[in-house]
Amino acid sequence: TKVVFVPRVGAVQSVVNVTYPINLKPGNEDVIKARVLNTILGGGSQGRLFLDLREKHGWTYGSYSSIKDDQFDGTFTAYAKCRNNVSDSAVAAILDEMNRLRNEKVAAEDLQNSITYMSGGFAIALEDPARVAQYAINIERYHMPKDYYKDYLKTLSAVSADDIQNM
């Protein structure tokens with residue numbers, strides 16, 4: 001664990017990042033599961049981080065997370081911009097939400113809501129010729145299974161609460 005603190009004289013807020021390197025290659029069978037987990041944790045205004053840090057505590061305008069798959073070094077980041085006097089509490093809350101996903105199975109409704117949201121996003125992406133071209137490029141560049149995107153919705157709908165907890 002490494003903590004980096006950069007003081008800025010006169011700053012009224014802090015930027016908090018909890019970041020981990022992850023071994024998540026494009027096309028890996030865990031990518032979709034990891035993205036569902038990320039949607040549940042911090043993928044938007046219905047994510048646990050947003051609901052906890054903003055809605056419950058009022059520490060920030062928003063708290064989110066992201067997962068990046070990469071052929072070399074993937075990353076996971078959870079972050080918030082918050083008032084200085086609650087920075088430590090924000091870090092603790094982020095870690096608590098991460099531990100909650102590890103220790104408790106996600107509710108069926110939360111899982112289904114995330115899958116539905118992601119399914120809709122994928123369908124909209126298919127309307128963009130540039131995105132479809134990028135999918136074809138990804139298959140070749142990263143040596144992904146040829147049916148990766150063809151089977152995306154089927155694979156997405158098969159993600160379980162156990163998968164989320166294991167991620």
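Rings of Phe, Tyr and Trp (its six-membered ring) count as an aromatic pair if their centres lie within 6.5 Å, and the pair is called stacked when the planes are under 30 degrees apart, edge-to-face when they are over 60, and tilted for the rest. The model shown is predicted, so that local features need pLDDT of at least 70 and side-chain atom pairs count only at pLDDT 80 or more, while totals for chains, interfaces and linings use all residues. Residues are numbered from 1 along each chain as its sequence is written, and side-chain values use heavy atoms, with hydrogens and water left out.

**View 1. The aromatic pair of F50 and Y64.** A search of the whole structure finds 7 aromatic pairs. One of them joins F50 and Y64 in a tilted arrangement, with 5.8 Å centre to centre and 40° between the planes. Because F50 lies in helix 2 (residues 48-56) and Y64 in strand 2 (residues 60-68), this pair ties together parts that are 14 residues apart in sequence.

**View 2. The aromatic pair of Y64 and Y79.** Y64 also forms a tilted aromatic pair with Y79, at 6.2 Å centre to centre and with 50° between the planes. Y64 lies in strand 2 and Y79 in strand 3 (residues 74-83), so the pair ties together parts that are 15 residues apart in sequence; helices (H or I, at least four residues) and strands (E, at least two) are DSSP runs, numbered from the N terminus.

**View 3. The aromatic cluster.** F122, Y135, Y148, Y149 and Y152 together make up one aromatic cluster.
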